[in-house]
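Student: I am new to this structure. Could you take me through one part of it slowly, and then show me what surrounds it?

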Amino acid sequence: MMGHSETHDYVIIGAGSAGCVVANRLSADANNKVLLIEAGGRDRNPLFRLPMLMGKLFQSGIYNWHYHTEPEPHLNGRSIYWPRGKVLGGSSTINGMIYVRGNRHDYDRWAQMGLAGWSYDDVLPAFRRSEGHIERSDGFHNRDGELTVCRARGKNILRDIFVSAGAEAGYPANDDFNGAEQDGFGTFDFTIRDGKRWSTSFAFLRPVMDRPNLSIETNALSNRIVVENGRAVAVEILQNGRKRTIHAAREIILCAGTVNSPQLMLLSGIGPPEEMSEHGIETVHALPGVGKNLQDHVDCVMVYECSKPVSLFKDLRADKLAWSLVEGMVFGRGIATTFPYEAGAFLKSRPGLSAPDIQLHFMPALEKSANLHFPNPFKPKPSVETDHGFTLRVGPVNPESRGEITLRSANPAEAPRIRANYLQSDFDVETMIRGIQLTRDVIGQKAFDPYRGKELAPGPDVCTDAQLTDWLRATAMTTFHPVGTCKMGNDDDAVVDAQLRVRGLDGLRIADASIMPIISSGNTNAPAIMIGERVSDFILGNEPKGDGG
């Protein structure tokens with residue numbers, strides 16, 4: 001608990017991927033009195049530590065805001081499930097643990113937009129500072145950081161067949177997607193330590209919880225940020241049915257994520273005046289870009305039968321997995337300590353591109369059988385065609401479609417409206433179709449001949465651009481990487497400057513994936529952690545301030 005004082009030097013809202021980093025770095029100086037506020041609870045459920053159970057628990061409401069989009073106009077009116085972490089560690093406590101930093105080109109583009117301090121050469125030291133890689137140590141990697149990172153741990157033969165097929169199709173093998181080049185086929189790195197999930201809570205928060213200058217409040221919903229005379233001075237929270245106002249003597253750092261950061265800004269009267277007035281919220285500071293610029297990685301799921309019983313299905317039967325769970329929890333080994341999507345690729349859909357524009361995730365199992373299942377005693381023997389297969393998720397890493405987050409009401413406990421606008425852009429549809437075609441070419445390589453069964457989705461009869469477009473609108477989904485709703489920039493729609501200070505306000509910064517002006521190429525957890533490192537540098541004065549745009 002906070003003790004008697006309701007004033008702290010720094011108040012951090014959101015104990016997610018970035019917030020835990022910020023709390024660690026700011027409280028390292030004993031002279032800084034730091035408070036970390038989290039709407040969710042403590043991350044005590046031991047099952048969340050086992051990587052293989054992520055898929056099952058990801059769908060649950062535990063540790064999860066359990067959001068859904070509004071009906072998506074370009075996805076046949078479907079509402080898409082958006083799980084977001086509501087717990088210490090945020091989404092790093094429920095995500096797929098894949099560690100991908102993005103492409104050098106991503107950050108250099110940010111710098112070319114006039115954002116000083118955000119080129120790849122600027123952010124690489126922040127990535128390296130956090131990382132504690134078990135096996136890699138070079139100019140791109142570090143072994144001494146708090147965030148344990150390891151190579152893929154699984155041994156399934158289909159994973160290696162996938163990488164071999166990529167080579168046969170003419171793509172390079174890539175041992176390190178976070179190294180000198182991102183292009184090619186290989187296996188991902190993961191935030192897994194001793195066979196267990198290594199969230200930002202375990203990496204950055206738990207080791208420093210006994211610091212006397214760091215306080216942590218859980219189950220505390222932030223209602224609004226209090227602004228006085230152009231400065232953010234306090235946060236109003238609701239905890240155990242009681243409202244409290246907590247003051248920040250120096251700064252408030254908003255790390256609530258791509259959905260909750262713009263929501264709290266709007267609830268506080270910071271955003272587009274016309275939108276806030278619809279809910280009876282008085283404008284405190286007009287910022288038209290709050291909630292806009294929403295980007296996410298859309299993808300589709302391609303599925304194939306496997307003609308041999310070598311998929312993960314055989315390992316995930318309840319009678320076999322029971323021992324695997326014990327083995328994983330006690331000894332940190334076994335199938336339960338791996339994540340099913342271990343292999344992947346970054347591809348260029350056409351010649352002349354400066355960086356890959358398509359990402360593949362490969363799983364050696366059918367999606368329907370990739371979770372715990374029970375043996376059927378009345379089934380004489382497993383059907384290879386029915387039970388065994390492999391799945392590929394295919395999507396563009398630089399989508400053009402843009403959505404928005406808006407308020408549903410002035411009630412902080414009510415979920416905001418999420419409009420992702422997936423496949424709004426023809427460019428995204430065309431890129432996905434090209435990705436499907438390239439993937440079919442890879443699966444058609446000789447390496448897959450002994451294992452390739454029937455294409456189940458989209459199916460061999462879905463082949464023209466029109467057919468594939470219809471299939472995408474009927475089935476496409478999210479890769480769970482929303483960003484951009486409080487974007488960093490210098491234009492009129494920018495919410496924060498290059499130092500992550502909210503434009504036109506003193507005492508308030510935003511540090512999470514919402515500040516990305518353009519989405520990074522790949523999984524977004526590692527970049528969110530890097531953003532936490534960068535804002536800590538800015539606050540602590542670890543580099544020249546610059547003009548911030």
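Student: Here is the part I mean. How are α3 and α4 set relative to each other, oblique or roughly perpendicular?

Tutor: A word first: this is a predicted model. Now the helices. Two packed helices are described by the angle between their axes and the distance between the axes. Helix α3 covers residues 104-112, and helix α4 covers residues 120-130. Their axes lie 8 Å apart, and the packing angle is about 120°. Angles of 65 to 115 degrees count as roughly perpendicular. The pair α3 and α4 is therefore oblique.

Look at the residues that touch. From α3 come R104, Y107 and D108. They meet Y120, D121, V123 and F127 of α4. By class, this contact holds four nonpolar residues, three charged ones and no polar ones.

Now follow α4 to another partner, helix α13. Here the axes come within 9 Å and cross at roughly 105°. So α4 and α13 are roughly perpendicular to each other. On the α4 side, the contact uses D122, V123, A126, F127, R129 and S130. On the α13 side, it uses A526, P527, I529, M530, E533, R534 and D537. The classes here are seven nonpolar, one polar and five charged. Notice V123 and F127. Both belong to the contact of α4 with α3, and both belong to the contact of α4 with α13.

The largest nonpolar core has 81 residues, and W118, M265, L500 and L508 touch the most other members. Helix α13, residues 525-540, gives the most to this core, with seven residues.

C306 is buried, at 1% relative accessible area. C255 is buried too, at 5%. What about disulfides? The count comes to zero. A disulfide needs cysteine sulfur atoms within 2.5 Å. The closest cysteine sulfur to that of C255 is in C20, 9.3 Å away, so the two are too far apart for a bond.

Another helix to look at is α12, residues 465-475. Its buried residues are L468, T469, W471, L472 and R473. What covers them includes β18 (298-306), α11 (426-443) and β24 (452-457).

Finish with two loop residues. T218 sits in the loop between β12 (214-217) and β13 (220-228). T218 is buried, with a relative accessible area of 14%. Beyond its neighbours within four places in sequence, T218 contacts E38, G40, G41, R42, L88 and Q239. L47 sits in the loop between β2 (34-37) and α2 (54-58). At 38% relative accessibility, L47 is partly exposed.

How values were computed. Residues are numbered from 1 along each chain as its sequence is written. This is a predicted model: local features need pLDDT of at least 70, side-chain atom pairs count only at pLDDT 80 or more; totals for chains, interfaces and linings use all residues. Side-chain values use heavy atoms; hydrogens and water are left out. Axes are lines fitted to C-alpha atoms, for helices over the stretch in contact, and angles run from 0 to 180 degrees between N-to-C directions. Helices (H or I, at least four residues) and strands (E, at least two) are DSSP runs, numbered from the N terminus. Angles under 35 degrees count as roughly parallel, over 145 as roughly antiparallel, 65 to 115 as roughly perpendicular and the rest as oblique. Contact means heavy atoms within 4.5 Å. Ala, Val, Leu, Ile, Met, Phe, Trp, Tyr, Cys and Pro count as nonpolar, Asp, Glu, Lys and Arg as charged, and the others, Gly among them, as polar. Buried means under 20% relative accessible area, exposed over 50%, partly exposed in between (1.4 Å probe, protein chains only). A nonpolar core is a set of buried Ala, Val, Leu, Ile, Met, Phe, Trp, Tyr and Cys residues joined through side-chain atoms within 4.5 Å.
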